[in-house]
Amino acid sequence: MKELDFPEVFNMLNHYKEQPYLLDPHLETLVSIPMGHIQTHIGKWMNEPTANYDHSIVSEMFKIVYTISRMRGYKRVIKFFPHEAYDLERVCKYLHFLENSIENPWMEQYVLLLWLSVIVLIPFNISDLDSEGTLKSFILQLCKEFLTENGVNCQMAALSLATFLVRPDAHEQIVEF
């Protein structure tokens with residue numbers, strides 16, 4: 001893969017801050033490529049969580065997605081997020097991992113919470129995808145933790161929680177909430 005010049009990418013995005021709607025024809029490419037790298041990184045991390053990964057490149061990918069979502073709004077951006085069922089548990093575990101692993105991962109958490117709000121809409125029973133039997137409670141607890149924070153992560157946690165709690169198979173979590 002060709003090396004990305006991240007400062008050049010952010011410089012290019014800065015040119016569109018006054019008229020961000022000009023990015024719309026390119027949003028799919030601008031979002032799906034970094035999200036694909038993020039998805040691959042999380043998949044590798046799930047297979048070998050103790051390996052020593054270089055988080056700097058994937059952190060820049062998160063920053064790109066965050067910047068675009070703040071420029072164009074999350075509703076336009078989430079259309080291009082991956083939404084495979086197997087990502088649900090991975091995203092939750094990686095979100096939990098980030099809390100304890102890197103300093104101030106708020107942009108990564110923002111993107112992952114936004115991604116979680118898309119993945120919880122999968123039309124399958126979450127219990128069927130749960131390897132440990134606690135995924136529903138884990139999602140609820142994870143979102144509740146972010147609701148206590150100030151800022152954009154609180155908003156994304158509220159969005160994720162709202163989309164999760166309207167699921168037909170999340171009735172017991174409504175009572176728990």
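Predicted model: local features only at pLDDT ≥ 70, side-chain atom pairs only at ≥ 80, totals over all residues.
Residues are numbered from 1 along each chain as its sequence is written, and side-chain values use heavy atoms, with hydrogens and water left out.

A pair of aromatic rings is described by the distance of the centres and the angle of the planes. Rings of Phe, Tyr and Trp (its six-membered ring) are taken to pair if their centres lie within 6.5 Å; planes under 30 degrees apart count as stacked, over 60 as edge-to-face and the rest as tilted. Across the whole structure, the search finds 5 aromatic pairs. In one of them, the ring centres of W45 and Y94 are 5.2 Å apart and the planes stand at 75°, so the pair is edge-to-face. This pair links distant parts of the chain, with W45 in helix α2 (residues 27-47) and Y94 in helix α5 (residues 87-101), 49 residues apart. Helices (H or I, at least four residues) are DSSP runs, numbered from the N terminus.

W45 also pairs with F97: the centres are 4.8 Å apart and the planes are at 40°, so this pair is tilted. Because W45 lies in helix α2 and F97 in helix α5, the pair ties together parts that are 52 residues apart in sequence. W45, Y94 and F97 form one aromatic cluster. For accessibility, buried means under 20% relative accessible area, exposed over 50% and partly exposed in between (1.4 Å probe, protein chains only). Both W45 and Y94 are buried, W45 having a relative accessibility of 8%. F97, at 29% relative accessibility, counts as partly exposed.

A charge is placed over a ring if NZ of Lys or CZ of Arg is within 6 Å of the ring centre and within 35 degrees of the ring normal. K63 lies over the face of F10, at 4.9 Å from the ring centre.

Two packed helices are described by the angle between their axes and the distance between the axes. Axes are lines fitted to C-alpha atoms, for helices over the stretch in contact, and angles run from 0 to 180 degrees between N-to-C directions. The axes of helix α3 (residues 55-72) and helix α6 (residues 106-119) come within 9 Å and cross at roughly 65°. The crossing of α3 and α6 is left-handed, a term used if the near helix is turned anticlockwise from the far one by less than a right angle. Contact means heavy atoms within 4.5 Å. On the side of α3, the contact is made by H55, S59, F62, K63, V65, Y66, S69 and R70; on the side of α6, by W106, M107, E108, Y110, V111, L112 and L114. By class, the contact of α3 with α6 has 9 nonpolar, 3 polar and 3 charged residues, where Ala, Val, Leu, Ile, Met, Phe, Trp, Tyr, Cys and Pro count as nonpolar, Asp, Glu, Lys and Arg as charged, and the others, Gly among them, as polar.

F81 is found in the loop between α4 (74-77) and α5. F81 is buried, with a relative accessible area of 2%. Leaving aside neighbours within four places in sequence, F81 is in contact with V31, M35, V65, V111, L114 and W115. P105 lies in the loop between α5 and α6 and, at 8% relative accessibility, counts as buried. The C-alpha atoms of P105 and F62 are separated by 9.8 Å, although these residues are 43 residues apart along the chain.

T163 is found in helix α9 (residues 152-165) and is buried, with a relative accessible area of 17%. Apart from neighbours within four places in sequence, T163 is in contact with S117, V120 and L121.

Note on methods. Helix = DSSP H or I, 4+ residues; strand = E, 2+ residues; numbered from the N terminus.
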